[in-house]
Amino acid sequence: MMTKQTIRAIALGMLFATSVIGAAYYMEFDTLTTAKLHDALKKEGLIAISESEYKRLKEAVKQDNPASISDHPPSSKTIYVYFLTIQKGEVPNDFAQKLEDAHIISDANAFVTYLETHGLTRYVRAGTYKVHSGMSYEEIGDLITNKSK
């Protein structure tokens with residue numbers, strides 16, 4: 001049978017352990033500040049905008065009025081941006097055709113030939129890549145093979 005002293009010792013030990021765990025939990029708790037949020041977004045290449053700015057941009061898209069989105073005058077050459085998704089096991093002909101259809105490259109066969117000539121086909125990695133029509137075959141090849149700087 002346990003004595004009062006033993007029960008008190010166990011209770012005191014449990015109280016002490018709970019206090020230590022509670023202190024450790026609150027010491028690890030990190031308060032999210034606006035500056036920390038902006039830094040985290042910046043590391044990911046993102047920005048935070050005000051709700052009014054978001055609504056203005058959303059309305060401009062609804063009206064299909066790209067000029068109201070940007071303060072810059074439209075350029076004479078159109079740059080196409082495309083998010084290329086390469087599935088595991090996908091062959092270069094398939095994603096090269098996607099790039100041609102999205103107006104990123106002018107000739108899918110020429111791009112596949114470039115990849116084969118430079119020995120890049122076996123280094124292509126599955127994933128989603130942001131590409132644009134101003135990129136060269138070399139830049140796209142470096143990006144999809146994770147050889148970009």
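A nonpolar core here is a set of buried Ala, Val, Leu, Ile, Met, Phe, Trp, Tyr and Cys residues joined through side-chain atoms within 4.5 Å. Buried means under 20% relative accessible area, exposed means over 50%, and partly exposed is in between (1.4 Å probe, protein chains only).

Keep in mind that this is a predicted model: local features need pLDDT of at least 70, side-chain atom pairs count only at pLDDT 80 or more, and totals for chains, interfaces and linings use all residues. Residues are numbered from 1 along each chain as its sequence is written, and side-chain values use heavy atoms, with hydrogens and water left out.

Now the overall layout. The protein chain has six helices and two strands, running α-α-α-β-α-α-β-α from the N terminus on. Helices (H or I, at least four residues) and strands (E, at least two) are DSSP runs, numbered from the N terminus. Of the chain's 149 residues, 18% count as buried.

On to the core. The largest nonpolar core has 20 residues, and those with the most contacts inside it are Phe95, Leu99, Phe111, Ile140 and Ile144.

| Element | Residues |
|---|---|
| Helix H4 | 92-101 |
| Helix H5 | 108-117 |

H5 gives the largest share, five residues. In soluble globular proteins, nonpolar side chains tend to be buried together. Take Phe95: leaving aside neighbours within four places in sequence, Phe95 is in contact (heavy atoms within 4.5 Å) with Leu84, Ile86, Glu90, Phe111, Leu115, Val124 and Ile144.

How do H4 and H5 pack? Their axes, lines fitted to C-alpha atoms over the stretch in contact, are 8 Å apart at an angle of about 135°. That makes H4 oblique to H5, since angles under 35 degrees count as roughly parallel, over 145 as roughly antiparallel, 65 to 115 as roughly perpendicular and the rest as oblique. The contact is made by Pro92, Asn93, Phe95, Ala96, Gln97, Leu99 and Glu100 of H4 and by Ala108, Phe111, Val112 and Leu115 of H5.

Finally, the loop between H4 and H5 holds His103. Most residues other than glycine have a negative phi, but phi of His103 is near 65°, a positive value. His103 is partly exposed, with a relative accessible area of 49%.

Notes: Axes fitted to C-alpha atoms, helices over the stretch in contact; angles between N-to-C directions.
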